[in-house]
Amino acid sequence: MGETEQRPTAGSRLGAQENAGISTLEHGQKPPMTTPGKLVSIKIQMLDDTQETFDIPQRAPGKVLHDAVCSHLNLVEGDYFGLEFPDHKKMMVWLDLLKPVMKQIRRPKHVVVKFVVKFFPPDHAQLQEELTRYLFALQVKQDLAQGRLTCNDTSTALLISHIVQSEIGDFDETIDREHLAKNKYIPHQEALEDKIMEFHRNHMGQTPAESDFQLLEIARRLEMYGIRLHPAKDREGTKINLAVANTGILVFQGHTKINAFNWAKVRKLSFKRKRFLIKLRPDVNSSFQDTLEFLMASRDFCKSFWKICVEHHAFFRLFEEPKPKPKPVLFSRGSSFRFSGRTQKQVLDYVKEGGHKKVQFERKHSKIHSIRSLTAQPSEQHTEVPKQTARAYGDNNDAAAVQSCRQGKELKSSTEDTGQHKSPSLKKSPKEGRKVDGAVVSAVEEEEEPAKDKMQQNRPQSQQPSTAGSLTGSPHLSELSINSQGGPSVANMTLSPNLSPDAKQSSPLVSPLLNDPSCIRADDEEEVKRKRFPTEKAYFIAKEVATTERTYLKDLEVITSWFQSAVSKEDCMPETLKNLIFSNFEPLHKFHTGFLKEIEQRLALWEGRSNAHIKGDYQRIGDVMLKNIQSMKQLTIHLRKHNEILMELENGIKNSRKLETFCRDFELQKVCYLPLNTFLLRPLHRLMHYKQIMERLCKHYPPSHMDFRDSRAALAEISEMVAQLHGNMIKMENFQKLHELKKDLIGMDNLVIPGREFIRLGSLSKLSGKGLQQRMFFLFNDILLYTSRGLTASNQFKVHGHLPLYGMIMEESEEEWGVPHCLTLRGQHQSIVVAASTRAEMDKWTEDIQMAIDLAEKSSGPAPELLASSPPDNKSPDETTVDQESEDDLSASRTSLERQSPHRGNTTVHVCWHRNTSVSMIDFSIAVENQLSGNLLRKFKNSNGWQKLWVVFTNFCMFFYKSHQDNHPLASLPLLGYSLTLPSESENIHKDYVFKLHFKSHVYYFRAESEYTFERWMEVIRSATSSASHTRALSHKEPHAY
């Protein structure tokens, strides 16, 4: 018996492994039941014009066939695609995934089903996979050839030039002419050949993946992109065409769009025989009737268009697949059709989770291999895309900055995708490695596998493709940032070994890198070291005093050394302001320098590293604390000046553009890892830390302990100082927070006014004419602002509107709008509909907004007009103003932090934007109390060794240093949105005092030196990863006066 000849399948032709596909079903969901029996062969025409045959059970539903095609292609984002075929009336219809295939395709032997793009997203950067973008590019090529995608000659020539670049590579006039002669991309192509070659000449060095990206970037701006016209007539009998898109229903006359009905305006879609009906939401400003009626050719045409409208609405607008309606008991009325499959949000979330396998695929007309999920969306021009699955580093200059933590081993590109980011593909620079203390310093992104490409530091902002908002959490942020203020400092960056460049979101989260083999401490050595040191809890409490004091002293040096040195070189600050700041900070720095020396000497005696006459006399810390706290009371006069310092500096910045620019530039320095005004409040925060430490020490000691009396006396002294300064500190924290938020906002000059109190900021989705759009909301005690992230050089948020809280009514409206976790906020002049990402987020906002409404109602009246009557700018008129974003940039503003700008790229506001979460003022107050420093051992999910790092936790973020002597952090990890747990048995972390931080597929393990330090790290990190109670002491009776 002869062997059966094996036909090449779609998967084998594209270089995919057999049966390695990804089902479009959700995890745990089972496909519709099919009865095994006779198999039916269905011919599928792919987007590259080849045909494949799939054998399916005779009673299989359409989903089985669709999943089989996606599986053979190893297509992860198959939900954007559909299967269409001609019905018995020769009308092209979409295959219903819930109905049996044989009930839809009557004569399968004579029918060829087409696999094509069904849902065109508003932004091609939302397509996470290179294969998906390649298939979309094939669809654009097909639409051009069929005349469905119409545009002017210049756009047509530019589109074809990118197609040619992806197929034959760089320009060569002879090869180009031969290729264009053999391949007809449009009818009458000859007239455009010279223009095509002229454009092709400009694409030198562009890879096929980049060409696809550029092709889609141009195509998505065309009016007919993704449009399928359905002939109809209006009520007057005028011939028109209807179409459906991601934004809503469109009306065309010929190929010109004459009207559009956004999903937010549409209340109901229905059809009655040949009439297609659109019922609109009432709008006093609209001239449209309540119900619009269009006449189509037949009932079948009308029903087919209604179905695709229902599917588009569900795919782009819903968070999850709609549930089937219960079947009526007696009789049914209307169609039971519903959308089946994952929504766009579910597809984006799934791919970001990284739960799929990456395989190589081969383009039909290109000899260049592409690696899915190892490449990010390319930038505008010449962005490098990896072409090999693995590559050793260290053989060329481009990779010189990358070093392995394992000695003598080559690093290979990971085939695991974090799936979290949405940034353009990263490009390497041979100058991006820098030696610090003999080790290469790099900012790593999230995981520990080398990624080949790097961000180009000098690439213009406008050239970076954008993505939709962080429907996840980006958090979509790229887990590490060299400068917390957003300064990318790319010269110091290499990518972490576990990060694949397809991490599509470069945001302010990068992971600690320190790829120096010498920094890894052997486990045995650590165990020996641990046994030599004291183990009692009091020792580790004393050690916490020393470690946090080191960080505090470094923070003081930011002002007394770095800021003072910078000020002395620039003539931008008045002498009175200089004297006010430095005359009050220098005595503090001098005192705490001596204080730290005393603590370190006591610890040395306690550890037995010094010749102590009687060891027991030095196993205490209370006496040192009492002595220094008593001396510290003499510095109270300087501490009381800090509110004046903060106010005078902000007034100086307000009145002098030169001083404002100077302070902004200083914040870009790596040593200024927090907002500048935060450092001015550090001395007040430090008093609270002393109080908390002494409370823990007194709670630990029994009354009979020799150190108890001194410790209790020290606690009494510091408590008295805190009580005297606490009220002033609360006012200053609110004042500082308002000024910090002002730097993040565009379009509002008078944010800081007497009596205004900040309550909460965070990311919500706002329902608009374009659907649900991510917006950043800022809640104060008198007003609610909503903004979008702009395309400015400073990464600021543009204010789009504001609602005074006086007279506002809040209603839950999930049922009315069909959107989960939805609220309607009705102001006196405007109403908006917002949706939170989770029920917990919605509850936080509901509680805080209601509290703010109550405060506003009890106040004297409505808040002053905020935006229209901004006070005049006192700065000199010849100085430049901040860049503004246009309304057209809103879709691009929903990106992750891929455009690492020179300012404010890693503030708490941006972290909340990308993690889709929120933070309240009470969370900020708790964060001030929960600060910690010390050594930790860190391990990535897929690494073997542990790295010793000096870690500073403050402002919801972990900052990583090589040692406590470093002047600036090497990397940072914002923790908002992260989960804090203990490792499970299956993770094989057989060490004591280990905690685990994870966000989606990103996992870090940290190891403390003792039970006490382990509990302290757990305590402070938990304050950042979980929200605090929302019970507040905000009172309208005592507004903050400035």
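Student: Is Asn74 buried or exposed?
Tutor: First, a heads-up: this is a predicted model, where local features need pLDDT of at least 70, side-chain atom pairs count only at pLDDT 80 or more, and totals for chains, interfaces and linings use all residues. Residues are numbered from 1 along each chain as its sequence is written, and side-chain values use heavy atoms, leaving out hydrogens and water. Now the cut-offs: buried is under 20% relative accessible area, exposed is over 50%, and partly exposed is in between (1.4 Å probe, protein chains only). Asn74 has 2% relative accessibility, so this residue counts as buried.

Student: What is the phi of Asn916 near?
Tutor: Asn916 sits in the loop between helix H24 (908-915) and strand E25 (918-920). With 14% relative accessibility, Asn916 counts as buried. Its phi is positive in a residue other than glycine, near 60 degrees.

Student: How many helices and strands does the chain have?
Tutor: The chain runs to 1042 residues, and 58% of them count as buried. Its DSSP count is 26 helices and 32 strands.

Student: Is Lys118 buried or exposed?
Tutor: Lys118 lies in the loop between strand E5 (112-117) and helix H4 (130-145). Not counting residues up to four places away in sequence, Lys118 touches Tyr80, Phe81, Gly82, Trp94, Ile308, Glu311 and His312. At 10% relative accessibility, Lys118 counts as buried.

Student: What is the relative accessible area of His313?
Tutor: His313 is in helix H9 (residues 299-317). Beyond its neighbours within four places in sequence, His313 is in contact with Trp263 and Leu318. It is partly exposed, because its relative accessible area is 28%.

Student: What arc do the buried residues of H7 fall within?
Tutor: In helix H7 (residues 193-200), Glu193, Ile196, Met197, Phe199 and His200 are buried. Viewed down the axis of H7, these buried residues line one face of the helix, because they fall within an arc of 160 degrees. That arc is taken from the directions from the helix axis to the C-beta atoms. On the other side, Asp194 and Glu198 are exposed, and the arc asked for is 160 degrees.

Student: Which helices are included in what covers the buried residues of H7?
Tutor: The buried residues of H7 include Ile196 and Phe199. Their cover includes helix H5 (153-168) and helix H6 (173-182).

Student: Why are H13 and H14 described as roughly antiparallel?
Tutor: Axes are lines fitted to C-alpha atoms, for helices over the stretch in contact, and angles run from 0 to 180 degrees between N-to-C directions. Angles under 35 degrees count as roughly parallel, over 145 as roughly antiparallel, 65 to 115 as roughly perpendicular and the rest as oblique. Helix H13 (residues 575-606) and helix H14 (residues 622-632) pack with axes 10 Å apart. They are therefore roughly antiparallel, at an angle of about 175 degrees.

Student: How many nonpolar, polar and charged residues are in the contact of H13 with H14?
Tutor: Phe591, His592, Phe595, Glu598, Ile599 and Arg602 in H13 meet Asp623, Val624, Met625, Lys627, Asn628, Ser631 and Met632 in H14. Ala, Val, Leu, Ile, Met, Phe, Trp, Tyr, Cys and Pro count as nonpolar, Asp, Glu, Lys and Arg as charged, and the others, Gly among them, as polar. The tally is 6 nonpolar, 3 polar and 4 charged.

Student: How many of the 11 residues of H14 are buried?
Tutor: The buried ones are Gly622, Asp623, Val624, Met625, Leu626, Asn628, Ile629 and Met632. H14 is largely enclosed by the rest of the structure, because its buried count is 8.

Technical notes
Helix = DSSP H or I, 4+ residues; strand = E, 2+ residues; numbered from the N terminus. Contact = heavy atoms within 4.5 Å.
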